[in-house]
Amino acid sequence: MPRALTRAPAASLVRAIAREIPAIRVDPVRAQAQHQSYVEALAGLGVEITVLETDESLPDGCFIEDQAVVHDSVAFIPRVGHPARRAEADSVAAALAPHVRVVHMTGPGTLDGGDVLAVGRTLFVGRSERTDAAGVEALRAVFGPLGWRVVGVPVPPDTLHLKSVCSAIDDRTVLVARGALSAAALPGVERILWVPAEEAAAANVVAVGRDVLVAAGFPATRRIVEGLGCHVVPLEMDELRKVDGALTCLSVFF
Ligand code: CIR
């Protein structure tokens, strides 16, 4: 049974980092409801969920994906790119420690889990505002010896993370927002499905087998995913999106 770690948004989400000041302030209660629907959807697909305690001192704490990269029973705990989010790591590492080997990033550099896209045995790593070359090297030092190919990918300047504009559906298929990346940026990926630019926010999906969580309100993306023979689970994400949250951000699978 797949397992995922999550943490519900705190009331302090109003102080979360946001690329743009949202026209309307984020409503934590609505964000909590959207998060709860996400957790219920994963649980309904047979994912065993561990929920970390909500912590008011961590406004971005629900975006747990950034704090750990887990593969082959190894959890890499990065130094994340935004200093205000570094206090989130300890509770994530502690929750994973009973289940996987935890390796902390100790050298220079930074990396956010939202920049790491796993496709088959390749980890594509966005070079972004949050992840630098040393961060990519630190990840390579841990996963390279385990047989992972680690490939750096430049992320467009106006984009938070690599996975803000793409995500994997299975070991050979990646959904990409048209105009954000070229196919050449993802060498070796067998099938790229292009989400229309106006639905770029929907390129971030979570696949659990052939069931795929897709942000609600993006009909073209839904049709693309259904065209693969997948079952789409639509989820309202507009509140979390105000503070740059997307579906993958809300969990760490381990
Ligand atoms: C941040 O700026 O760090 C948060 N407000 C959003 C993080 C989203 N995380 C992700 O896409 N993996």
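This is a predicted model: local features need pLDDT of at least 70, side-chain atom pairs count only at pLDDT 80 or more; totals for chains, interfaces and linings use all residues.
**Sheets, helices and a ligand site**

Strand β10, made of residues 173–177, runs parallel to β11, and five bridges link the two. Both strands belong to an open sheet of three strands, ordered β9-β10-β11, in which the pairing is mixed. At the edges stand β9 (166–170) and β11 (191–195), each of which pairs on one side only. Neighbouring strands in this sheet are turned against each other by 25 degrees on average, direction ignored. Across β9, β10 and β11 lies helix α4, residues 219–227, and this helix runs at about 155 degrees to β11.

A second sheet comes next. Its three strands follow the order β12-β13-β14, the sheet is open, and its pairing is mixed. Which strands stand at its edges? They are β12 (206–208) and β14 (231–235); each has a single partner strand, so one side of each is left without a neighbour in the sheet. Here, neighbouring strands are turned by 25 degrees against each other on average, with direction ignored. Strand β13 (residues 211–215) pairs with β14 in the parallel sense, again over five bridges. One detail of β14 can be picked out by eye: Leu 235 is the bridge partner of Ala 215. Helix α1, spanning residues 28–44, packs on this sheet and touches β12, β13 and β14, with its direction at about 160 degrees to that of β14. Helix α4 packs on the sheet too, touching β13 and β14, and its direction makes about 155 degrees with that of β14.

In helix α2 (residues 89–96), the buried residues are Ala 89, Val 92, Ala 93, Ala 95 and Leu 96. They span an arc of only 165 degrees around the axis, which places them on the same side of α2. Asp 90 and Ala 94, on the other side of α2, are exposed. What covers the buried residues of α2? The cover includes β1 (3–7), β2 (48–52), β3 (69–71), β4 (74–77) and β5 (101–104).

Helix α3, residues 133–143, can be read in a similar manner. Its residues Gly 135, Val 136, Leu 139, Val 142 and Phe 143 are buried. Their arc around the axis is only 125 degrees, and this puts them on the same side of α3. These buried residues pack against β3, β4, β5, β6 (116–119), β7 and β8 (149–154).

Strand β7, which covers residues 122–127, contains Thr 122. Is Thr 122 buried or exposed? Its relative accessibility is 8%, and because buried means under 20%, Thr 122 counts as buried. The side chains of Thr 122 and Arg 149 are joined by a polar contact of 3.0 Å. Apart from neighbours within four places in sequence, Thr 122 is in contact with Leu 117, Trp 148, Arg 149 and Val 151.

The model also holds a ligand. Residues surrounding the ligand include Ile 17, Asp 60, Phe 63, Glu 65, Arg 85, Arg 130, His 161, Asp 244 and Cys 249. A polar backbone atom of Ile 17 is 2.8 Å from a nitrogen atom of the ligand. Glu 65 places a polar side-chain atom 2.8 Å from a ligand nitrogen atom. For His 161, a polar side-chain atom lies 3.2 Å from an oxygen atom of the ligand.

Asp 244, one of the residues around the ligand, has a phi near 65 degrees, a positive value in a residue other than glycine. Most residues other than glycine have a negative phi. Asp 244 sits in the loop between α5 (238–241) and β15 (252–253). With a relative accessible area of 27%, Asp 244 is partly exposed. Ser 73 has a positive phi as well, near 60 degrees, and is not a glycine either. Ser 73 is found in the loop between β3 and β4.

Methods: Residues are numbered from 1 along each chain as its sequence is written. Side-chain values use heavy atoms; hydrogens and water are left out. Two strands pair if DSSP finds at least two bridges between them. Helices (H or I, at least four residues) and strands (E, at least two) are DSSP runs, numbered from the N terminus. Axes are lines fitted to C-alpha atoms, for helices over the stretch in contact, and angles run from 0 to 180 degrees between N-to-C directions. Contact means heavy atoms within 4.5 Å. Buried means under 20% relative accessible area, exposed over 50%, partly exposed in between (1.4 Å probe, protein chains only). A polar contact is a pair of N or O atoms within 3.5 Å; within protein, one must be able to donate a hydrogen and the other to accept it, and residues adjacent in sequence count only if both atoms are side-chain atoms. The arc is that of the directions from the helix axis to the C-beta atoms. A residue is near a molecule or strand if one of its heavy atoms lies within 4 Å of it.
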